[in-house]
Amino acid sequence: MAGEGRYTKLGTVIGAIGLLIAYMSLASDRSWWPYDQAVGDDRGVEAVPSSPSPDPSPEPSPSEEPSPTPDPTAGGERTGERTGEPSAGVGRDDGGAEDSSVPDAGPSPVQYLSDIEGTRDKSATLVLGGRQRQCLNSLMIAAHLFQDTKTLEYSIDPGWDAFRAVAGIDTAPPAGNRMRFTVFVDGRQAAVHELSDREAVEIEVPVAGKSQLKLVTETLRAGKVPKGGYGAWGDARFTRGADTEAAC
C-alpha cells in the first residue's frame, strides 16, 4: 500500500509538471488569449490591444522655391534697358527700322566772306591791341598807288545780323604803308578807319534787314613805290545771333 501511495504522488507531480509545461506553451502563443481583445483593468480602464505601429510617413523635404521672375518694368527699368535694345518707339520709325537720320542742326551762325571770294582766302598777320593776331580767313588788298581804290561788294542774305572783321595792314614788309578802310551798307557809310603799319581795329556793323554790303580799301601811302604791303579785312564774316567765333 505504501508503494502505491508513492506511485500515486509521483504521477500527480508528473501530471502537474506536464500541465505547467502545457500552460507555458500556451502562454507563449497569445493568439488564443481572449483578453487581447479588450480587458478592463482594476481601475475600469479599457485596455487597447497591442498592434505594430505603422512607420511614420517621411516628411517631404522642402523644395526650393523658384526665384520670382523680375518684372522688367519694376523699379523704373524700361524694356531693353539691360540688353541694350532700344525701347519701343525710341530710335525707330513706325515700321520698326532704326532711324539713322541726324537732327537738323539749323543754319550756320557764321559765313566768312573769303568763302565767297575764294581767290582772296589768305592768312593775314595783324597787330590788334599791341598783340599779333593770325587771321586765317582774310580778304587781302595790295597797297598800290596807281590802283589806289579796291571795292568788294556782297549781297546780304536774310537772317544775318551783323558784319564783323578786323581791319588793318599786314605786318609783312615793306613798311611805311597807310590805308583807309570804309564799310557801306545799302549805300550808306557805316564805318571808316585810316590805319598805318602795325595798326588794326575791330569792326562790327548791324546788317539785319539790309541787302548790300560794300567794302572799300584805299591806298594813301605805299611802303615802296608804286606797290607797298597789304591791307586786310581779317576774318570778315556775316554772323547770326551771338558771335561765338574767335576773331583772329
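Phe-181 is buried, with a relative accessible area of 0%. This is a predicted model.

**Sheet**
- Strand 6 (residues 178-185) and strand 7 run antiparallel and are joined by eight bridges.
- Arg-178 has Ser-196 in strand 7 as its bridge partner.
- In general, strands of a sheet pair through backbone hydrogen bonds, in either a parallel or an antiparallel way.

**Aromatic pairs**
- The count of aromatic pairs comes to three.
- Trp-160 and Phe-238 form a stacked pair, because their planes are at 20°, under the 30 degrees required; the ring centres are 6.2 Å apart.
- This pair links distant parts of the chain, 78 residues apart: Trp-160 is in the loop between strand 4 and strand 5 (162-169), and Phe-238 is in strand 10 (residues 227-239).
- Both Trp-160 and Phe-238 are buried.
- Phe-181 and Trp-233 are paired edge-to-face, with 5.4 Å from centre to centre and 85° between the planes.
- Trp-160, Phe-163 and Phe-238 are linked into a cluster by ring pairs.

**Charges over rings**
- The charged end of Arg-240 sits over the ring of Trp-160, at 4.3 Å from its centre; the ring of Trp-160 is also stacked with that of Phe-238.
- Lys-214 lies over the face of Phe-184, 5.1 Å from the ring centre.

**Surroundings of Cys-135**
- Cys-135 is located in strand 3 (residues 131-144) and counts as buried, at 0% relative accessibility.
- Leaving out residues up to four places away in sequence, Cys-135 touches Lys-122, Ser-123, Ala-124, Leu-126, Gly-234, Asp-235 and Cys-248.
- Ala-124, one of these contacts, is 11 residues from Cys-135 along the chain, and their C-alpha atoms are separated by 5.2 Å.

**Backbone exceptions**
- Most residues other than glycine have a negative phi, and most peptide bonds are trans.
- Asp-235, which is among the contacts of Cys-135, has a positive phi of about 50° although it is not a glycine.
- Asp-235 lies in strand 10 and counts as buried, at 4% relative accessibility.
- Asp-186 also has a positive phi of about 50° without being a glycine.
- Asp-186 is in the loop between strand 6 and strand 7 and counts as partly exposed, at 37% relative accessibility.
- The peptide bond from Pro-173 to Pro-174 is cis, with omega near 5°.
- Pro-174 is found in the loop between strand 5 and strand 6.

Key. Residues are numbered from 1 along each chain as its sequence is written. This is a predicted model: local features need pLDDT of at least 70, side-chain atom pairs count only at pLDDT 80 or more; totals for chains, interfaces and linings use all residues. Side-chain values use heavy atoms; hydrogens and water are left out. Two strands pair if DSSP finds at least two bridges between them. Helices (H or I, at least four residues) and strands (E, at least two) are DSSP runs, numbered from the N terminus. Buried means under 20% relative accessible area, exposed over 50%, partly exposed in between (1.4 Å probe, protein chains only). Contact means heavy atoms within 4.5 Å. Rings of Phe, Tyr and Trp (its six-membered ring) pair if their centres lie within 6.5 Å; planes under 30 degrees apart count as stacked, over 60 as edge-to-face and the rest as tilted. A charge sits over a ring if NZ of Lys or CZ of Arg is within 6 Å of the ring centre and within 35 degrees of the ring normal.
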